[in-house]
Amino acid sequence: MQQASNDKYRDYCRSNDTKDEIFRMTIGSDESLEDYEERFQLSYKRARRTLDPESLKLVLLRGIREDPLDALHLLARGDIYQLSYEDINTIFKNHSRVAKKKGRGSQLIASTSSSNSSIKGEIGNMLEDFKSEMLQTLAMQMDT
């Protein structure tokens, strides 16, 4: 009877800091994505909250800074928010393992994000070239 009572009311005795810890989590500057996800999962289990998979994914990704998030969009080949939680977890693990093999740890994200601006510039140039080519094709078809 005591155990049942303890189980039922234990969450009410927990501090709000423990319950809301997962909503304030951010990735550390020298922390790998895999380590961040593991720490996030431990905090989630400790908080004894129940979130649907979509909300859990959003809370996890909210803790990642802008630069690493841009790199994750590239690794996901688009918008990482469109992937499932399991797919995001797989990307985190693969990225961290590749970074460890290369001996760069979390520095890979920083180097990837610094090259993001040049990649974005290249994509912009490709789009402009495509636009010019399309306009030329349309002009030739109209002349015909």
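Glu31 forms a salt bridge with Arg39, with 2.9 Å between the closest N and O atoms; a salt bridge here is a side-chain nitrogen of Lys or Arg within 4 Å of a carboxyl oxygen of Asp or Glu. This is a predicted model, where local features need pLDDT of at least 70, side-chain atom pairs count only at pLDDT 80 or more, and totals for chains, interfaces and linings use all residues. Residues are numbered from 1 along each chain as its sequence is written, and side-chain values use heavy atoms, with hydrogens and water left out.

Glu31 is buried at 14% relative accessible area, while Arg39 is partly exposed at 33%. Buried means under 20%, exposed over 50%, partly exposed in between, with a 1.4 Å probe and protein chains only.

By this rule there are three salt bridges. Another joins Glu34 and Arg97 at 3.2 Å, N to O. Glu34 lies in helix α4 and Arg97 in helix α7, so the pair ties together parts 63 residues apart in sequence. Helices are DSSP runs (H or I, at least four residues), numbered from the N terminus.

Glu54 also forms a salt bridge with Lys57, again with N and O 3.2 Å apart. The two are three residues apart in helix α5, about one helical turn. Glu54 is partly exposed at 41%; Lys57 is buried at 3%.

Now α5 itself, residues 53–62. Leu56, Val59, Leu60 and Leu61 are among its other buried residues. The cover over the buried residues of α5 includes α3, α4, α6 and α7.

Note on methods:
Contact means heavy atoms within 4.5 Å.
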